[in-house]
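My notes follow the display.

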Amino acid sequence: MLSDSIIILKKELRRIFTDRRMVAMLVLLPLLMLPVMYSVMAKMGASRDSDITSFRSTICIYEGAGNEEVMGLFIEAMAAINTELEIIQLSEIDAVKLAITEKDKELLLVMPDNFHEDLEGCSTFDIAVYFNSTADYSLYAYNRIREVMDLLNGEIVSERILKQDLSEEILTVFTLNESPMQYDLAKEGSVIGKIISILLPFFIIIYLFVNSMKVGLDTVAGEKERGTLAVTLVNQVSRLSIVIGKMMSVMIAAIVGAASSVVGLIIGSKYFMGMFGASGAAISSYSMSTIHILQFAIVIVPLAVLVASMVLIVSTFARNTKEGQGMIMPLYFVVMIMGMATMQTGDVAPKWMLSTPVINSLLVLKEILMQSASWSGIVTASLSSIVFAAVLIYITLRMFSSEKILFRI
Amino acid sequence: MLRVENLRKVYKNRKKHITETVEAVKDVTFECIPGEIFGLLGPNGAGKTTTLRCISTLIKPSSGNVFMDQYNVLEDEKIIRSRIGFLTSDMKLDGFFTPDYMMDYFGALNKMNRDDIQSRKNYLFNELQMSDFIHKKIDKLSTGMKQKTAIAISLIHDPEMIIFDEPTNGLDVITSKSVTDFLKKYAQEGKTVVISTHIMNVAEKICDRFGILVEGELKEVGSLEDILDNSSSDSLEDVFFGYILPGTEGGEAPHAQ
């Protein structure tokens, strides 16, 4: 029986991997798409940042009545940033606010009347800063002004304390983790692994499913549609051999496609992670030991078998690939939701998650990436995938014995 | 020897909570001996393909049975499949592959070793004059070339019986002749050949015995002489039209056996 499955598998793989379009769709496209996408994103992001930071914002200031003598302090502080200052009158405030909403001006500072009295009397006053959070230039100017104002605030507070003959240290009771020591006691690599584990298992299940769909819908529904399946059925080959052979070919294509997508993701992350500075650089330098790669494979292969069996059952039931595509979409959404659910899971997953196929494998993959997976968890997840895949294969086999399903075209 | 006994096939179609029953084949019985070409004649929808599908184990009879020597389709599916070569017009070959590769593939599925596959390929490619296109993708072949490829593939394991549904349908005169000549030669080698067709002159030229199937019922079984003896018509075509177009010229319904 297995020899027949291998004959069918070889033929299916030959069909997949000697078809240029299929190879391009399954291997080259995911390999190139993510690096190209991320590099474009990174370049566009860098270009946008450079544009925003080099832009000379217009900051309008209403000085408030009676503050002429102390305003110089604030104007001087704001001169440190790349801005065009414009002093306005009380009557112009509404017009400037409208200009900010319309993105014609970036910022408006409204100083309270006679705030010099509060300044001298060591009391607190409020400055209103109007901005537009949907305009990049305005938001950037707002953040820069906050920084400058915080700095000025600190300087004024220091002066007030010194005037009282007190030390500046009175403002700080204690500090946390200020000494140059390693305070995070997590295993080496597991911190970066935790960051990676949030996204990677989700991407993996999506890639496995999408690649299974690319190949799996054609393998039975496409053959029914083209009338090529019956030729195999009248030969001396059992239907179980046909199902197993086809399932294995879908699984291999799914793994190859997913692997190429992950390689694309890794290459792409060099551009993508660069956008996140130092932590990004640490993520792109993450590596796995041989034992973790082995654990990864032990979970991924049965998971790919399960996903391939899901797609095959739909492909067998559908009259043609078009009907199959329609039928498989709800299943795709369910798998996507399962993947998303694992992204939000904490260290201790609920019991229902651990006993749900697909989800439990993704949770174990997360643990492997964090280098904290137990062998019992790995074996349980793999066995669960195998058991559920076996049930789906049995149902597919029953469908292969049904004339109604197999010959309804 | 092939023996079809009281074969009946019922399809159930469920539409909007109403189950519709269609009796595609009604109590069909006939025999076919080695060395003989048996022609199953009938218009479209007469039940020819369903009958041949039951014989080839592709579908199961609702009742009745089909015997090939001591084996039957209900219990010995795999043995029957190893002894037949089956071809119908709705079975297509994957256009992505070449005839040569498909012969290797189906040879392997029929448990043949490499040497046997190669010698069988040489024989069939030569007999069916296929050498010019065995390395071209099936998608690129003409209808006649595809039909020859399908025939070669169905015969890769040298079956004792061949069952061809409309083997000359859509073929040009030359390809059609090479196919019919090949079938005659195959029968002369002592193999059993069952074909279905609605082309009367093809049937008359190559078949030794006939069965006329109309709306799932076998109206006539026998040699040309037997059928004409039972009828007032003087040709097989007239007898045939007598069943499918009763009352037309030459269409006087003869007595069924």
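I count two strands as paired if DSSP finds at least two bridges between them. The model I am reading is predicted.

**Chain A, sheet.** I first looked up strands β1 (residues 57–62) and β3 (residues 107–110) of chain A, which run parallel and are joined by four bridges. Within this pair, I found Ile59(A) opposite Leu107(A) of β3(A).

**Chain A, helices.** I then checked what packs on the sheet. Helix α4 (residues 93–101) of chain A does so, in touch with β1, β2, β3 and β4 of chain A. I noted that the direction of α4 makes about 150 degrees with that of β3(A). Helix α6 (residues 136–163) of chain A also packs on the sheet and touches β1, β2, β3 and β4 of chain A; for α6 the angle with the direction of β3(A) is about 40 degrees.

**Chain A, strand order.** I read the order of the open sheet as β2-β1-β3-β4 (chain A), four strands with mixed pairing. Which strands stand at the edges? They are β2 (83–88) and β4 (128–130) of chain A; each has a single partner strand, so one side of each lacks a neighbour in the sheet. Direction ignored, neighbouring strands of this sheet are turned by 20 degrees against each other on average.

**Chain B.** I turned to strand β6 (residues 84–87) of chain B. Four bridges join β6(B) to β7 (residues 161–165) of chain B, and the two run parallel. Gly85(B) has Ile162(B) in β7(B) as its bridge partner. From β6(B), Ile84(B) and Phe86(B) point one way, while Gly85(B) and Leu87(B) point the other way. I recorded all four of these residues as buried.

Note on methods:
Residues are numbered from 1 along each chain as its sequence is written. Chains are lettered from A and ligands numbered from 1 in the order in which they are written. This is a predicted model: local features need pLDDT of at least 70, side-chain atom pairs count only at pLDDT 80 or more; totals for chains, interfaces and linings use all residues. A residue is buried if 20 or more other C-beta atoms lie within 10 Å of its own, exposed if 12 or fewer, and partly exposed in between; C-beta atoms are placed from the backbone. Axes are lines fitted to C-alpha atoms, for helices over the stretch in contact, and angles run from 0 to 180 degrees between N-to-C directions. Two residues are in contact if their C-beta atoms, placed from the backbone, lie within 7 Å.
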